[in-house]
Amino acid sequence: MTAADIAIETIHHEMTAFARRARASAGRLHPELSLVSYTLLGHLEERGGCRATDLAAHYALDKSTVSRQVSALEGAGLIERRSDPQDQRVQVLHLTAAGTEILAQVTASRRVAFRERLAGWPEEDLRRFAGYLQRYNAAGPGPGTV
């Protein structure tokens, strides 16, 4: 195994641990808001609303998975459907006031958690880490979509 192979295995292990921690902490931050729900709400806020099919395409999720999540978020009063003004047949998902409030609360809690976890890091390490994450995410989905 080369040094690059070992590094890639370490990255895989650490990112898997990060994902597990993120899923576990989502329930502690807000019991009704899973990591997927939080992510979908964040996307709706960022985009100012979108169709469920757009969510499925963006996150490479099955439409039925998104449909279940959307139904749960609607049932909790966190999102609502509105007709698209340019095509009344199209339903666009938007955050409700309650959805905006809960998203803000969970986002604030996550920021505190990140700040605590990274508190001892030098500024240069933080900038480098942020840059690496941006570079990794900018590479986009590939085979296996990780």
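**Note on a predicted helical and stranded model**

1. Read from the N terminus, the elements of the protein follow the order α-α-α-α-β-β-α-α, which amounts to 6 helices and 2 strands; helices (H or I, at least four residues) and strands (E, at least two) are DSSP runs, numbered from the N terminus. This is a predicted model, in which local features need pLDDT of at least 70 and side-chain atom pairs count only at pLDDT 80 or more, while totals for chains, interfaces and linings use all residues. Residues are numbered from 1 along each chain as its sequence is written, and side-chain values use heavy atoms, with hydrogens and water left out.

2. Taken along the principal axes, the box filled by the C-alpha atoms of the protein is roughly 55 × 35 × 25 Å. Of its 146 residues, 23% count as buried, where buried means under 20% relative accessible area, exposed over 50%, and partly exposed in between (1.4 Å probe, protein chains only). The protein exposes about 10,300 Å², of which carbon and sulfur atoms supply 56%, the areas coming from the Shrake-Rupley method with a 1.4 Å probe. Among contacts (heavy atoms within 4.5 Å) between residues at least 6 apart in sequence, 45% join residues at least 24 apart.

3. The axes of helix H3 (residues 52-59) and helix H4 (residues 63-75) come within 9 Å and cross at roughly 125 degrees, the axes being lines fitted to C-alpha atoms over the stretch in contact, with angles from 0 to 180 degrees between N-to-C directions. That angle makes H3 oblique to H4, since angles under 35 degrees count as roughly parallel, over 145 as roughly antiparallel, 65 to 115 as roughly perpendicular and the rest as oblique.

4. Which residues make the contact between H3 and H4? On H3 they are Ala52, Thr53, Leu55 and Ala56, and on H4 they are Lys63, Val66 and Val70. These residues divide into 5 nonpolar, 1 polar and 1 charged, with Ala, Val, Leu, Ile, Met, Phe, Trp, Tyr, Cys and Pro counted as nonpolar, Asp, Glu, Lys and Arg as charged, and the others, Gly among them, as polar.

5. The loop between H3 and H4 holds alanine 60, which has a positive phi of about 50 degrees although it is not a glycine. Most residues other than glycine have a negative phi. Alanine 60 is exposed, with a relative accessible area of 57%.

6. Phenylalanine 114 lies in helix H5 (residues 97-117) and counts as partly exposed, at 44% relative accessibility. The C-alpha atoms of phenylalanine 114 and arginine 135 are separated by 19 Å, the two residues being 21 residues apart along the chain.
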